Every structure is written in C-alpha cells, then in structure tokens.
Amino acid sequence: MSSSSNSSIGKKELEHLAKLARIELDPNEEEKLLRDLGNILGHFKELQELDTADVPPMTGGTDLVNAFREDAEENGGRESTNQGAGTDAFPESKNGYLKVPPVFE
Amino acid sequence: MEPLHDLTIKKFHDGLLDKKFSALEVTQEYFRRIKERDGEIGAYLSIAEESAAREASAVDVAVAEGENIGALAGVPLGIKDNILIKGLPATAASRLLKDYVASYDAGVIERLKSQKAVFLGKTNLDEFAMGASTENSAFKTTKNPHDLTRVPGGTSGGSAAAVAAHLALAALGSDTGGSIRQPSSFCGVVGMSPTYGAVSRSGVIAMTSSLDQVGPMAKTVEDAAILFNAIAGKDPLDATSVDHEFEADLLSPQLEKVKKLVVGLPEEYFIDGTDSAVTKEIQRVIDKLKGLGMKFKKVSLPHTKYAVAAYYIFVPAEVSSNLARFDGIRYGERADGAVSLNDVYLKTRGEGFGAEAKRRIILGTFVLSAGYYDAYYDKAQRVRTLVKRDFDKAFEEVDVLLTPVAPTPAFKIGEKIDDPFAMYLCDMFTLPLKLGGFPAISIPTKSAAALAPGELPVGFQLIGKKWHEADILGIGQYYEKLN
C-alpha cells in the first residue's frame, strides 16, 4: 500500500474535521487516521480519469418520486409511529423531560 | 426429533404439522446447542430464551387447536443486532449502545411476528455494519465455524456463522455493499440482498440509507425465498419501501422458465488476483448450469474498477450524517465527567465509536465539506450513475449475471484489520450492483457435506434485474437440486 505522501489532509485539517464531527481524538488515533485517510484518498484519485461533466449525479437509491403517506391514524397514529416510545431510554431525565448538561459553558 | 443439521424451514414446517416435534422442543434444542457451541464461535451478542420459549409455545397451542399456521410459524431465527426487536437489546455491536433496549419492533420483525416466527437472539456484526470480517464488533470476534482461525466475513458475520453452525434455522442480515453475501460465501450459507425498496428498513439502525437492505440468510435457496417472501413489502414507516407484486414463481420456480434465462459473465469479474479455489469452483458452477441447458454470454461492465472508490466516498458521507444521532443525548451511553453539552458530544463520540466508525465519519465529513464536495461527493455520485448504466446495458442482453462473491475464501482473523483499503476490496464483486439497487444472492458452490477436509466454502453470486428476485432464486433452487 502507498505511503502517506498522497495525503491531502494535514493534522490541522483533521482536528478541524474532528471538531465538526464532534469526536474527541487522542494523539495516537490522530496519527493512525492521518495515515489511513492519506492512503484511502490516494485510491480516490483514479476517479479523476473519468469525464463526468454530462453525467447526472445519482442522489439516492430509489426511483420513487414524492413518496407521501396518507395523513391517517393507521399511518401516523401514536402506536404505529412509535411516538413516545424510547423516553425510557433517556440517559438522564427530570419530570419526564430529557435532561442535558448546560449548553453555555 | 430430526438432528438440527438436517432441518430446513420446509422440513421444520412439515414436521411440526405431522407432530414429529413441538416448536418448543426445537427451540430448546437450539438453545442447548448455542450453549454448547457458541462459546467458541461467538455468533450471538445476546440470547432471548424466555421470549423465544413464549413465542414457540404459542405456536404449539395454535397447532394443537388446528389453526392454519404459516411457513415460518415456530421457525427459530437469529436476528442481526442492528435490527430492533421490542424489549430486546439492540447494540449494533457498538459501545455506544451497549445497554440499549429497543422500544419498538422493526418493520421486518412486525411481519415475522405476524407469522409467529421465534427469535433466538441477536447476532454479532461489525460496529454499525461497517467492515467485512465482523472484527469491528466492540464486543467479540466471531469465528468461522468451518475454521475457527478464520473470520466469518462481515458485516452479518454472526448471522452467517449462526446458520452455518446450526445455532439458528435461518437468520436476517443487512447488506450495504456485501454484508449479507460475503459472509454467506465465507460460511457456506445462502444469503440475498433484495432489490432496493423491497424490504422495510423501519427500525433498522441506518448506515448508508441509499444502499442498506435487510435480507434472508438460510441453509437452502428455498428457505431464503420463504423468508424473503415473508419480509418483503411496503411499510408506511419507510418511504423508500415499495408495494411490489412479486411473480408467483418466487416460491415455486418452473424449470422450463428458468432454463430460458440467459446468463451473463462480466469480464471484469474474472480477473487475475482471484484465488484459484474460487475460480475453479465458479467454473464448476458454470459447467453445471450449462448442463441444465442454460445459455451463457460474455458481457462487459466497464466502470467496475471505479465502483469501490465511488462507494467509499458517498458511503462515509451518508455514515457521517446517519451516525450524528449517536451523541449521548437521547439514548445510549453518555460519557461521564462532561461539564458542557459540547463536551458530552465530544467525549461520548470519542469514547464510544470504534476505529472504523471514526474513520468513516471523518472521511464523510471531509468529502462533504466546502471546497471538497465537488471533487469527491458530487464526482462519486456521477460515477455511481455510470456504474448503474453498465448494469442497465448488460441487462438488455442477458437476464442475470453470474460472478464470484469475493476474490478469496474466508481469510485469517487479523489478516486485514490494519489495512482499511484491503478490507474495502473484499467487497469489489458485491458492491457495484448495489449502486444501481439490483438484487443479488450468494449460493454455496457445494454443500457443507461435500467439502473436502480443510476445504473452505465458496459462494457464487447471481445478480438479477430489479424486482426479478424470482430469476436468481429460481436458478439457485435448480442449482441446488443438481448439486
């Protein structure tokens, strides 16, 4: 496999991406990720061989257009959409409400 | 009672009606075997003895009262642990969900419950269904039942190993780029990834929404067809699911019709670098089907070599978005010691996600970011169109395509875990068709009993036109009869 010379992600950029993705990385993880990402991005270069200017992008897996459902109880009622289910899975709650740490530091 | 080795869904159903055994007896026999064997195999993350016994007993009552029961009534199944069953754990093999208990049933589970199927437990997978060996599970490494030093494949490795080792009569997996078919090949079972939209994904923990499909894993093609027939159909809770009427011969194919199907052999899938054991077995399958009178034709899928790169751009993009919900706020583990909300996110996700999840989230965030979006994400989506068009064109000439499932049989545990791209290449034959939403099945080239000592199972892949599951299941069922 090729070395990290293909890398177009530097340490600073990785830290920025990790911040955007809300993931705390330790220095060892950063080092391994830089190596892996450089390697993986190297393999993406072959796509540049293809002229895709006139090819429309595929934006999903389905051929369906406007897949709406009836606004009916059997399609949207409390039971069938499982609304309210899962409140018992809250990591922390108070009076039935979800509790989170302060938003402002 | 018949030994579990000989049991199929069909035989189980007949035996149940003939009162050869009760559903509860068979369920208990499976748990006995799980306790005896799963310590070394590690197919299950959790078992559900109490609820399974209740479900099986209900079937026995129905049989005793002479009720009409369906083909899956009492059938003991393993369910991949990214599929929700109300009241049972659903971890997706992630530390982030280690104590999570599902609060509702997935659409496929609702359907199986209405048929009175029995759920033995939840099977191991690569964390959030990302990998090709089940080694990315946060909890355990599943072993290949044919050789405990090898991987079962992935990501539905637990389901494949469970079926192969007779720890479940059949199972559900999910397939994004090969996650049902590659482990099926490695473990010597049948596995199908249905047409995109054929099966509901409500209650399935999302990885790549434009590709993910739930599908059957079973000992025979007939069993896979029965299971697929039970889970397919429109679900109002999944807007991408489709109300499609499958051909009547999905379950009982006609030889005269099957023989007339023209089989395409894409030249890009018969390449140097494929293990000779695989090449030899695929040739044997082709010769056997020729013996049946089937016509073969060479075709070309010229953009095949670009599919892996395109896939590993838009898949991480979708992953980075889908996994944003795992933030420690509403469910799952919340990291200790965080003082602010932002801290909760950073620590929960930093401590909770494994290496491959982090790799894909960061990569996905990168390819979607301003300045790189056009060069990567947009480019990959255009290449996806080219790959799909290749298949559309080939299907103007032939009815189905036949290829290997994977370039090698099961590899050794640890062999590829440090080289992410080598792991990604495991899917080179299984992922291109997914870009167009086509159905495909992996079928063992020979039965487990026919394997020579030390020989590893290998699967062949049949790719069908959209909504033509009957074609690939039909050929598969006749191949099994030849074998």
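What percentage of the 105 residues in chain A is buried? Buried residues make up 16% of chain A. The legends below describe close-up views of a predicted model.

Figure 1. Among the contacts in chain A with a separation of 6 or more, 59% are made by residues 24 or more positions apart. For the complex, the predictor gives an ipTM of 0.91 and a pTM of 0.96. The average pLDDT of chain B is 96, and 100% of its residues score at least 70.

**Figure 2. The side of chain B that touches chain A.** Contacts between the chains involve 57 residues of chain B and 49 residues of chain A. On chain B, at least two residues of this side come from each of helix 10 (304-322), helix 11 (341-352), helix 12 (355-368), helix 13 (374-397) and helix 14 (420-424). Helix 13 of chain B gives the most, with eleven residues. By residue class, the side of chain B that touches chain A consists of 32 nonpolar, twelve polar and 13 charged residues.

**Figure 3. The open sheet of chain B.** Eleven strands of chain B form an open sheet with mixed pairing, in the order 1-3-2-4-6-5-10-11-9-7-8. Strand 1 (44-47) and strand 8 (295-299) of chain B each have a single partner strand and stand at the edges, so one side of each lacks a neighbour in the sheet. From one strand to the next, the twist averages 25 degrees. Strand 7 (residues 262-266) of chain B runs parallel to strand 8 of chain B, and five bridges join the two. In this pairing, B:Val263 has B:Phe296 of strand 8 as its bridge partner. Helix 3 (residues 49-64) of chain B packs on the sheet, where it touches strand 1 and strand 3 of chain B. The direction of helix 3 makes about 155 degrees with that of strand 3 of chain B.

**Figure 4. Strand 2 of chain B and its two partners.** Strand 2 (residues 76-80) of chain B is mostly covered, five of its five residues being buried. Strand 2 of chain B pairs with strand 3 of chain B in the parallel sense over five bridges, and B:Pro76 stands opposite B:Val118 of strand 3.

**Figure 5. The loop between strand 3 and helix 5 of chain B.** This loop, between strand 3 (118-123) and helix 5 (157-164) of chain B, holds B:Thr155. The peptide bond from B:Gly154 to B:Thr155 is cis, with omega near 15 degrees. B:Phe128 has its place in the loop between strand 3 and helix 5 of chain B as well. Phi of B:Phe128 is near 50 degrees, a positive value in a residue other than glycine. B:Phe128 counts as buried because 29 other C-beta atoms lie within 10 Å, where the cut-off is 20 or more.

**Figure 6. Helix 5 of chain B and the residue B:His166.** Helix 5 of chain B is largely enclosed by the rest of the structure, because eight of its eight residues are buried. These buried residues are B:Gly157, B:Gly158, B:Ser159, B:Ala160, B:Ala161, B:Ala162, B:Val163 and B:Ala164. B:His166 follows helix 5 of chain B and has a positive phi, near 60 degrees.

**Figure 7. B:Lys19 in the loop between helix 1 and helix 2 of chain B.** B:Lys19 is found between helix 1 (9-17) and helix 2 (23-41) of chain B, in the loop. Phi of B:Lys19 is near 60 degrees, a positive value in a residue other than glycine. B:Lys19 counts as exposed because it has 10 C-beta neighbours inside 10 Å, the cut-off being 12 or fewer.

Definitions and conventions
Residues are numbered from 1 along each chain as its sequence is written. Chains are lettered from A and ligands numbered from 1 in the order in which they are written. This is a predicted model: local features need pLDDT of at least 70, side-chain atom pairs count only at pLDDT 80 or more; totals for chains, interfaces and linings use all residues. pLDDT is the predictor's confidence in each residue, from 0 to 100. Two residues are in contact if their C-beta atoms, placed from the backbone, lie within 7 Å. Helices (H or I, at least four residues) and strands (E, at least two) are DSSP runs, numbered from the N terminus. Ala, Val, Leu, Ile, Met, Phe, Trp, Tyr, Cys and Pro count as nonpolar, Asp, Glu, Lys and Arg as charged, and the others, Gly among them, as polar. Two strands pair if DSSP finds at least two bridges between them. Axes are lines fitted to C-alpha atoms, for helices over the stretch in contact, and angles run from 0 to 180 degrees between N-to-C directions.
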